[in-house]
Amino acid sequence: MVYRRVLLIGLLSLIIAIGVGILFAPVSSLIDRQEHDSHSHGTNADINSLYQNALVFPIPSHFDYDLPLIRVGWTLFRDEGLSSNNSVSCNSCHNLQTNGAETTPVSVGVGGAGSRNSLTVFNAALNYRFFWDGRTNSLKKQMNGPVHAPKEMASSWAAIVDYVASKPDYRTLFDEANILPISADSIQHALVAFQESLLTPNSPFDRYLNGDQYAIDSSSKQGWIAFQELGCINCHQGQNIGGSLMQRFGYYDNATSDGKKANEKDMGRYLITQQNADKYLFRVASLRNVADTPPYFHDGRTSNLEEAIEIMANIQTGHAIELTVINDLSAFLHSLSAPRPQVLEILERE
Ligand code: HEC
Ligand code: HEC
């Protein structure tokens, strides 16, 4: 493959300019700070102050949630009665038993197959905008998408309110959560609170960042170094190791590796803005739990993580990388997998 040299533009170059010093700052300096600090199980505020100069940082292992409210959201999330033909729930495409997503390349809803791979709802609340093309900036607005989409739930808020209000069990749940009356607003409030509770702290890599040197093996450590040196971290950064920027998919090569002609491809953000500058812009994917969420990319073009890494190195960093580096990066990405959100086990045990 031939790589064209493309000038780094916009935000990326800004990040590099500001970030060079930070980028290669050894993790050990963070660890040193952590060891002199008593917050080994920090809250978000502790973590923000501790990692204020880091490009990636852990998810707090303790956070508050309102269980009665989340119980409402959890029940709604799994209820097929919310879709127009009682066949599809949020859970159909965002499986809470496994990875908060699904294993097919593209989703199938009430009206057949859609065109994009389902994103996981685990840690989704940490993303700065939602959907592959970042088209909404709040989880509440995000839900208008699946609720109305003919290929998802093909329903409406009015129909959902009628359905939920007709069920005595829901009345009790809404009452216990103190969010009566049942309305589009209270339903959305409960679904958002539930999704905000779906965080997955304590991945081996987070434990490593928090000072446990033995939490990841040496291949993962090599992978973490390569991830920084190759510049993956320029795009995949923040608490979600991604989900915080929009970038062109195919930075060095216009993603021709999927074998499609340019005009057959999903043009990402351009489909919403019709601005040429937005062609092929997609939200940088979060890499948390990535080993558990194949297939990869907005079109689910591969289920093989090593192949996904190779594609990224080629088209996003302009580097052909050796097999050992691919394997190290894969080991690093595996270390980003954490147990399912704890709140699910609490709800399931009830
Ligand atoms: C038919 C399958 C399907 C159903 C049903 C569905 N989703 Fe999705 N969901 C998807 C797909 C596919 C995407 C990615 C679409 C895109 O980016 O264009 C997605 C994206 C999302 C995202 C964005 C995550 C992120 O990181 O940006 C959230 C949050 C979400 N869905 C929540 C829900 C909720 C809540 C419901 C129920 C009200 C629901 N979904 C129902 C398939 C589905
Ligand atoms: C210039 C920005 C940029 C760089 C650099 C970059 N990525 Fe990405 N990455 C993205 C974008 C954008 C996506 C989402 C692409 C899409 O629309 O499918 C993505 C997606 C991914 C995915 C698929 C995740 C999923 O759930 O589908 C993996 C894995 C990944 N990147 C790993 C890497 C690795 C490893 C590197 C370094 C070798 C890297 N990336 C470098 C922007 C970047």
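Two residues are in contact if their C-beta atoms, placed from the backbone, lie within 7 Å. This is a predicted model, in which local features need pLDDT of at least 70 and side-chain atom pairs count only at pLDDT 80 or more, while totals for chains, interfaces and linings use all residues. Residues are numbered from 1 along each chain as its sequence is written, and chains are lettered from A and ligands numbered from 1 in the order in which they are written.

**View 1. Overall fold of the protein.** The protein has 17 helices and 4 strands (DSSP runs, H or I of at least four residues and E of at least two, numbered from the N terminus). Among contacts with a separation of 6 or more, 68% join residues 24 or more positions apart.

**View 2. Surroundings of ligand 2.** The shell holds 25 residues, and the closest are Cys232, Cys235, Phe282, Phe297 and Met312 (C-beta atom, placed from the backbone, within 6 Å of the ligand). Two or more residues come from each of α13 (232-235) and α15 (305-317); α15 gives the most, with 6 residues.

**View 3. Packing of α12 and α16.** Helix α12 (residues 218-229) packs on helix α16 (residues 323-334) at an angle of about 100 degrees, with axes 7 Å apart (lines fitted to C-alpha atoms over the stretch in contact, angles running from 0 to 180 degrees between N-to-C directions). The two helices are therefore roughly perpendicular (65 to 115 degrees). Residues in the contact include Trp224 and Phe227 of α12 and Leu329 and Phe332 of α16.

Notes: Parallel < 35°, antiparallel > 145°, perpendicular 65-115°, else oblique.
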